[in-house]
Amino acid sequence: MIKSFVLIMKDTKTEILNAAEQLFASRGPNATSLRQVISRAKVNLAAIHYHFGSKESLLQAILSRRLVPLNAGRIALLDKYEHESGKRAVPLPKILEALVGPALRLSRDSERGGAVFMRLLGRCVLEPDEKIQMMLNHQFHYLLERFTPALQRALPNLPPVDFFWRIHFLVGSMAHTMADSERLRTISGGLCDPDDTEGTIRRLVTFLNAGLKVKAN
């Protein structure tokens, strides 16, 4: 009896998360009301307040549901490459693969809600809302803390100002590739296949590796 109740509560929470994620991705978090979420999830308002308390907490739960395991996977890959490199700096392409590979694989994984979540993430990045930006900063802070030293070791001669500009460009390239890859299929007349996830990762790593290594002006 207790086990059945727990399963029902878990399923209700998942339904709310899925419904809110889809609505936030299509309309934006600020343009979506909790009443729209309960209508899509087919639950009552009390269920949302019980599981999440507020729309802000609901959005935080959605971001954490996807980003926490994603970032754990990135860090696990970096840990592996650092172990393999011993005292030497990890080669830059391997660091980049650890950073962008898991994210691009998620973006093409429909079973893990990848495409929907990437649209949501894109909206959140562009949302002029201080609370949403703080949520994103919180999620990415630890990741950047972990990757920045490895990147700096791989780029020892790059001045700090150029280093951080290039990290900014790196994030932009990765985000655009994840959020809007279908446009590439159209403009290339079908020559480029965004469904080739591993090929996309290789090409993006090659591009970023060259951009990060180019001599600073």
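This is a predicted model: local features need pLDDT of at least 70, side-chain atom pairs count only at pLDDT 80 or more; totals for chains, interfaces and linings use all residues.
Colleague: What describes two packed helices?

Modeller: The general idea is that two packed helices are described by the angle between their axes and the distance between the axes. The crossing of α4 past α5 is right-handed.

Colleague: Which residues of α4 and α5 make the contact?

Modeller: From α4 come Leu70, Gly73, Arg74, Leu77, Leu78 and Tyr81, while α5 brings Lys94, Ile95, Glu97, Ala98, Leu99, Pro102, Ala103 and Leu106. Sorted by class, the contact of α4 with α5 holds ten nonpolar, one polar and three charged residues.

Colleague: And at what angle do α5 and α7 pack?

Modeller: The angle is about 165°, and the axes of α5 and α7 are 9 Å apart. That makes α5 roughly antiparallel to α7. Here α5 passes α7 in a left-handed crossing. On the α5 side you will find Leu92, Ile95, Leu96, Ala98 and Leu99, and on the α7 side Leu143, Phe147, Ala150, Leu151 and Ala154. The contact of α5 with α7 consists of ten nonpolar residues, with no polar and no charged ones.

Colleague: Is α4 oblique or roughly antiparallel to α6?

Modeller: The axes of α4 and α6 cross at roughly 125° and come within 11 Å. That angle makes α4 oblique to α6. The crossing of α4 past α6 is left-handed. To find the contact, look for Leu59, Ile62, Leu63, Arg66 and Leu67 of α4, together with Phe117, Leu120, Leu121 and Cys124 of α6. The classes are eight nonpolar, no polar and one charged.

Colleague: Let us turn to pockets. How much space lies in the largest pocket, and which residues lie nearest its centre?

Modeller: A pocket can be read by its volume, its lining residues and the elements that supply them. The largest pocket holds about 840 Å³ of space. Its lining has 30 residues, and Val125, Phe140, Val171, Gly172 and Ala175 are the ones nearest the centre. By class, the lining of the largest pocket has 21 nonpolar, eight polar and one charged.

Colleague: Which elements supply at least two residues of that lining?

Modeller: They are α4, α5, α6 (114-126), α7 (130-154) and α8 (160-179). The largest share, twelve residues, comes from α8.

Colleague: What about the second largest pocket: how much space does it have?

Modeller: About 410 Å³ of space lies there. Of its 15 lining residues, Thr177, Leu184, Cys192, Thr200 and Arg203 are closest to the centre. Two or more residues of this lining come from each of α8, α9 (182-187) and α10 (197-213).

Colleague: Which element gives the most to the lining of the second largest pocket?

Modeller: That is α10, with four residues. The lining of the second largest pocket divides into six nonpolar, four polar and five charged residues.

Conventions:
Residues are numbered from 1 along each chain as its sequence is written. Side-chain values use heavy atoms; hydrogens and water are left out. A crossing is left-handed if the near helix is turned anticlockwise from the far one by less than a right angle, and right-handed if clockwise. Contact means heavy atoms within 4.5 Å. Ala, Val, Leu, Ile, Met, Phe, Trp, Tyr, Cys and Pro count as nonpolar, Asp, Glu, Lys and Arg as charged, and the others, Gly among them, as polar. On a 1 Å grid over the protein atoms alone, a cavity is a set of points where a 1.4 Å probe fits but cannot get out, and a pocket is an open set with protein on both sides within 12 Å along at least five of seven lines; lining residues have an atom within 4 Å of a point. Grid points are joined across faces, edges and corners, and a volume is the space filled by probe spheres set on the points. Axes are lines fitted to C-alpha atoms, for helices over the stretch in contact, and angles run from 0 to 180 degrees between N-to-C directions. Angles under 35 degrees count as roughly parallel, over 145 as roughly antiparallel, 65 to 115 as roughly perpendicular and the rest as oblique.
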